[in-house]
Amino acid sequence: MMNEFKQVLTIAGSDSDGSAGAQADLKTFMSRGVYGMSVLTAAVAGNSYGIHDSVNLPIDFIKNEIKDIKDDFKISAFKNGMLSDSKIIHTIAEEIKDKPFGTFILDPVIITKHGAMLLETEAYQTLINELFPFADLITPNFYEAKKLSGMELNNKEDFAKAALELRKLGPKNIMIKGKHMDGSQDTVDDYVLLESGKSFWISEPFIDTEHINGTGDTLSSCIVAEIAKGKSMENAIKISKNYTYNAIKNEIAVGHKYGPINHFVDSTISTDLQS
């Protein structure tokens, strides 16, 4: 009898050095014991020193990728990565409006963890208007949450108020990732607001390292994997925070500058959490 694996999907760009994008998602899927597939939207030429070129894939090709996935496979959960312009975002929104791929984890790749804007104004608005209403969970980083909510995030009360503002944009569940670029901090603290109204904080020790490429991709793709395996949204988030922390903590020597996190970290981490 053949082994059966839950099937999941990432709709994202290709990162040539393997540290982020679809490559990070697929590594996470495999580590977490699900079968990952990909719809590529763009390709980036880069290495540990930086990104040096990029290209968007043709819209018709993206549509054909999605069609072929729809025609053959049963996807339990999926996520997005970098969607670089309005045409691509609109295409994805049109293709998923009949909810063919199960639970949708939206990683709003808008601003880098350093605060640099990635999307132009038109694409930013298209993302909010056309994809946020479909999202079962959004996972904005600190700077993205500030921009999306129009608020400063100076304390825990601000995070809670910002999450309520973000819910008005359509997503059912909110996870605001805490700032993690300050070497003086002891922990990285994320705030979660669930559809039920329950809220909580998740904290892990801050690790001062340059090997953090792909952390956001890894977190969201781990949530996808755990949801596909039947975990509740709350426990999928908790498992994913712990998995990502351990992937950062257990560094690997790849590249000469800004390196990837360790997707080889023990895939049994936190599997004792119950749904």
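User: Which residues of α3 meet α4?

Analyst: Ser86, Ile89, His90 and Ala93 are the α3 residues involved, and they meet Glu122, Ala123, Thr126, Leu127 and Glu130 in α4. Contact here means heavy atoms within 4.5 Å. Helices (H or I, at least four residues) and strands (E, at least two) are DSSP runs, numbered from the N terminus.

User: What kind of model is this, and how are residues numbered?

Analyst: This is a predicted model, in which local features need pLDDT of at least 70 and side-chain atom pairs count only at pLDDT 80 or more, while totals for chains, interfaces and linings use all residues. Residues are numbered from 1 along each chain as its sequence is written, and side-chain values use heavy atoms, with hydrogens and water left out.

User: Back to the helix pair. What angle do α3 and α4 make?

Analyst: Helix α3 packs with helix α4 (residues 121-130) at an angle of about 10°, and their axes are 8 Å apart. Axes are lines fitted to C-alpha atoms, for helices over the stretch in contact, and angles run from 0 to 180 degrees between N-to-C directions. The two helices are therefore roughly parallel to each other. Angles under 35 degrees count as roughly parallel, over 145 as roughly antiparallel, 65 to 115 as roughly perpendicular and the rest as oblique.

User: And how does that contact divide by class?

Analyst: The contact of α3 with α4 divides into 4 nonpolar, 3 polar and 2 charged residues. Ala, Val, Leu, Ile, Met, Phe, Trp, Tyr, Cys and Pro count as nonpolar, Asp, Glu, Lys and Arg as charged, and the others, Gly among them, as polar.

User: How does α3 pack with α2?

Analyst: Helix α2 (residues 59-72) and helix α3 (residues 86-96) pack at about 25°, with their axes 10 Å apart. That angle makes α2 roughly parallel to α3. Their crossing is right-handed; a crossing is left-handed if the near helix is turned anticlockwise from the far one by less than a right angle, and right-handed if clockwise.

User: Which residues are in that one?

Analyst: From α2 there are Ile59, Ile62, Lys63, Ile66 and Lys70, which meet Lys87, Ile88, Thr91, Ile92 and Glu95 of α3. By class, this contact has 5 nonpolar, 1 polar and 4 charged residues.

User: Thr91 is on that list. Is it buried or exposed?

Analyst: Thr91 is buried, with a relative accessible area of 6%. Buried means under 20% relative accessible area, exposed over 50%, and partly exposed in between (1.4 Å probe, protein chains only). Apart from neighbours within four places in sequence, Thr91 is in contact with Ile59, Ile62 and Lys63.

User: What about Lys99, where is it?

Analyst: Lys99 lies in the loop between α3 and β5 (103-106). It counts as exposed, at 56% relative accessibility. Lys99 also has a positive phi of about 55°, although it is not a glycine. Most residues other than glycine have a negative phi.

User: New topic. What angle and axis distance do α7 and α8 have?

Analyst: Helix α7 (residues 215-228) and helix α8 (residues 233-249) pack at about 140°, with their axes 8 Å apart. This makes α7 oblique to α8, and the crossing of the pair is right-handed. The residues in contact include Leu219, Cys222 and Ile223 of α7 and Ala236, Ile237 and Tyr243 of α8. By class, there are 10 nonpolar, 4 polar and 2 charged residues in this contact.

User: How many α8 residues are buried?

Analyst: Helix α8 is mostly covered, with 15 of its 17 residues buried. Its 17 residues should span 24 Å at 1.5 Å a residue, and its end C-alpha atoms are 24 Å apart, which agrees. The expected span is 1.5 Å times one less than the number of residues.

User: What do the buried residues of α1 pack against?

Analyst: They pack against β1, β2 (35-47), β4 (75-80), α7 and α8. The buried residues of helix α1 (residues 21-31) are Gly21, Ala22, Ala24, Asp25, Thr28, Phe29 and Ser31. Just after α1, Gly33 takes a positive phi of about 80°.

User: Which residues does Gly36 touch?

Analyst: Gly36, in strand β2, is in contact with Val8, Leu26 and Phe29, leaving aside its neighbours within four places in sequence. Gly36 is partly exposed, with a relative accessible area of 23%.

User: Last one: where is Glu195?

Analyst: Glu195 is in the loop between β8 (187-193) and β9 (199-205). Not counting residues up to four places away in sequence, Glu195 touches Arg167, Lys172 and Asn173.
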